[in-house]
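Thanks for coming, everyone. Let me put the structure up, and then we will walk through it.

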Amino acid sequence: MGQASVQVTHTGTSRWRRRTGEYGSLAAALEAAADGDVLTVSPGTYRENLVLERAVTLRGPERAGGGSVRIAPPDGVALTVRSSATVRDLQIEGQDASAPALLIEDCAPELTGIRIMTRSAAGLEVRGGARPTVRRCTVDNPAGLGVSVSGGAGGVYEECEVVAAGQAGVSVGDGAHPRLERCRIHHASGAGLSLHGDGSAAEAVGCEVYEIKGAGVQVTARATAHLTDCRVHRTTADGVTLDTDAVLTLADCEIHDIPENAVDLRSRSVLTLTRSTVRRFGRNGLSVWDPGTRADANGCEIHDSTGDYPAVWVSDGASAVLDSCRVHGVPDALFVLDRGSQVDVLDCDLTQVRGTAVSVSDGATVRLDDCRIREAATGAWFRDHGSGGTLANCTVDATATGMIVTKGADPVVERCTVTSPEEAGVYVSAEGRGTFHGCRVTGSRGYGFHVIDGCRSTLRRCRTERCARGGYEFAEEGAVVEDCTSDESAAPAAVPTVAPAPPAATASAPPATAGLLTATEAVPPPRGGGAKAPGAAASSAPGAPAAEAARPATEVLGELDGLVGLDSVKREVRTLTSMIEVGRRREQAGLKAASARRHLVFTGSPGTGKTTVARLYGEILHALGVLERGHLVEVSRVDLVGEHIGSTAIRTQEAFDRARGGVLFIDEAYALSPEDSGRDFGREAIDTLVKLMEDHRDEVVVIAAGYTTEMERFLAVNPGVASRFSRTITFGDYAPEELLHIVEQQAAEHEYHLAKGTGDALLDHFAALPKGPSFGNGRTARQTFEAMVERHAGRVAQLDEPDTDDLTLLYPEDLPGASAS
């Protein structure tokens, strides 16, 4: 029953003879209306299920401000449109979880200014070949789909907004093909824009998808989409995902602030990415999987990763093309894995890469033409047998190592230049191969070309200039060298600068051979991996700087004693130190020393000093001559666990290599063995660590840290794990008095003082804090001091002429949560 009147303007056959009628319900008005009539609805709530089957105009009041028109039946579809009607300025409300609030089928109506506020199966459902024009409409449906377009339907949706959806924001399926222009989709609990099914397609122009609890855009099961000038950001899952023969074109789009993969393709999907930007992503910026899957990126930029994964990941036989793209500010730029995987990189810039710019493994291949790699740990690394491809006319500048070839990999490198590497321009080891033609290495702080282990690389018409240790180094015979030259870069005096060249080099090398070295003196391998040269020191870790002079053990122990609290921890460390020192002296005296495993488990809450003690422990072992360097390498699950079978072992090995000669500190180690592990690769990281700890037990000390209960599960996951660690040291929570002492230390360091009564107030403050798992201990104390300084600054800034006491004294009212006096 309607709560207000409905005015119907009947047009009749002669428009100049219009007449108007008043009706008490919408149903009665619709019954009386004919094609072309206008129904003007007075403000109010109408508990009716309406069906528009004539080409009428249904609209709210002509004057704004008089109230809204609510179509709100208790169940069923609130409004069904089956004609070329015009509907304007209504609010549609539905409560039926099995039906849409507004249904359009088999017609081409126009809807403008409709607000759908509902808890229905769908806010707006368009089906059966319908072709509506929908303008400036809003859908708020936290219980179901926002907009559903299916059954061959289409239509144009302009400046519409899905403000909430319990499932997908916009769902397109069953051969539908809508066009979205300048629409906004946000706060959906499924995908923002979801397309699925053969023949389903959508075009979106100038749209924005954000605040999505799922993927931003999802295209699956042979659906097709074309997005132009769109933004996808702030999702909880992938930004854009394609699966099972999906096809997507992105042009002039932005994808950013994504915690998972920015763009992910699988199962023969095809992506074309043009002039688009991908930034601030937690996993891969672009990941491409499975045979037949392909991604083409032209004129795109991928940068500023927030995670520890490669920016571009291509595996399982997939392929990709990067043309005129920029990748920068990422942990690794491009990883290509698995036989059949192929990536072409043309005229691209890969810069500011913390790890490896290009990594090729497991039989994959790449082709790099006219590319520039700059500021990376490793320019290009061909890792294993069957991996290869070509690099032509590329430059590699300001890296630790320009190129690495290992374990049977066999790339072809032509007319490439490596400039200013920290270690080696080209490093080949562990049965690596490779053909280098017309290449140049200049300004290396190590060797230009360093080929060891008898690797059968071929060098033709290569040149080295200004290489600190020498232009060429061949530890054993095996390399083929033809027409290569050097500017006779001088090696250090301790290394021979002239030695007989290998037979292949003797036959074709030019007279100036001083830079062609065959010295067998050991040199550290380049950063990023590879086998050590024969006789190399065990601590020559890839990427490790030279060892610093050790502080005396007594000095480091003094710093340990100076830490607040931790009495039991200090006793444990001193006991370990005494055992190691006595064992060393027994060995010097010709006596047998007890074997002491030095790997430890640290348990306790955050902020209890676990990382600090680990650093000091490494320094102590360095001072005692047990570790070569004693440095600390801190890692967590994201540094060790990869996304693909085999990649975890590579990551774990790399982390272990960085820690050679020092301490590998694994924070939250229990995350490697989640309770619901399934196919999780954390177990692979644990297994790899167990083997490395045994094989290199004298080179690296491993400390696994985390919450006490969770660490018990970690130690039980693998029979070999617990046996590798000598003991568990528990870090207890700080007492209020100890937290007060930390604040006093912070205050003294920053030239502040605690006024009378402030110490007691701090004790009360710390005693009242909940000591749950989130309690920060020492971190909480430091944050409390920082908060006090901020409140002090706000208070003193109001004084015209503060004196020294005003500027230095912290009062109880400066505590967080204290009321200002």
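First, a definition: buried means under 20% relative accessible area, exposed means over 50%, and partly exposed is in between, using a 1.4 Å probe and protein chains only. By that rule, buried residues make up 54% of the 821 residues in the protein chain.

Now the ground rules. This is a predicted model, so local features need pLDDT of at least 70 and side-chain atom pairs count only at pLDDT 80 or more, while totals for chains, interfaces and linings use all residues. Residues are numbered from 1 along each chain as its sequence is written, and side-chain values use heavy atoms, with hydrogens and water left out.

On to the secondary structure. The chain has 14 helices and 66 strands. Both are DSSP runs, numbered from the N terminus: helices are H or I with at least four residues, strands are E with at least two. Contact, here, means heavy atoms within 4.5 Å. Take the contacts with a separation of 6 or more: residues 24 or more positions apart account for 52% of them.

Next, charges. A salt bridge is a side-chain nitrogen of Lys or Arg within 4 Å of a carboxyl oxygen of Asp or Glu. How many salt bridges does the structure hold? It holds 40.

Start with Glu53 and Arg82. They form a salt bridge, and the closest N and O atoms are 3.6 Å apart. Glu53 sits in the loop between β5 (50-52) and β6 (57-59), Arg82 in the loop between β8 (79-81) and β9 (86-88), so the bridge ties together parts that are 29 residues apart in sequence. Glu53 counts as exposed, because its relative accessibility is 56%. Arg82 is at 38%, so it counts as partly exposed.

Glu203 has a relative accessible area of 33%, so it is partly exposed. Arg179 is partly exposed too, with 27%.

Glu211 is in strand β25 (residues 208-212) and Arg234 is in strand β28 (residues 231-235), so parts 23 residues apart in sequence are tied together. Glu211, at 30% relative accessibility, counts as partly exposed. Arg234, at 37%, also counts as partly exposed. One more item on charges: salt bridges that share partners join Glu53, Arg82, Glu105, Glu125 and Arg127 into one network.

Now a strand. Look at β46 (residues 388-392). Why is β46 largely enclosed by the rest of the structure? Because four of its five residues are buried. Two strands pair if DSSP finds at least two bridges between them. Strand β44 (residues 365-369) runs parallel to β46, and five bridges join them. Within that pairing, Val366 stands opposite Gly389 in β46. Strand β48 (residues 410-414) also pairs with β46 in the parallel sense, over five bridges. There, Ala392 has Glu414 in β48 as its bridge partner.

Last stop, helices. Axes are lines fitted to C-alpha atoms, for helices over the stretch in contact, and angles run from 0 to 180 degrees between N-to-C directions. Helix α7 (residues 647-658) and helix α8 (residues 682-695) pack at about 40°, with their axes 9 Å apart. That makes α7 oblique to α8. For the cut-offs, under 35 degrees is roughly parallel, over 145 roughly antiparallel, 65 to 115 roughly perpendicular, and the rest oblique. Which residues meet across this pair? Thr648, Ala649, Thr652, Gln653 and Phe656 in α7 meet Glu684, Ala685, Thr688, Leu689, Leu692 and Met693 in α8.

Is Ala659 buried or exposed? Buried, because its relative accessibility is 0%. Not counting residues up to four places away in sequence, Ala659 touches His631, Val633, Leu664, Glu699 and Val700.
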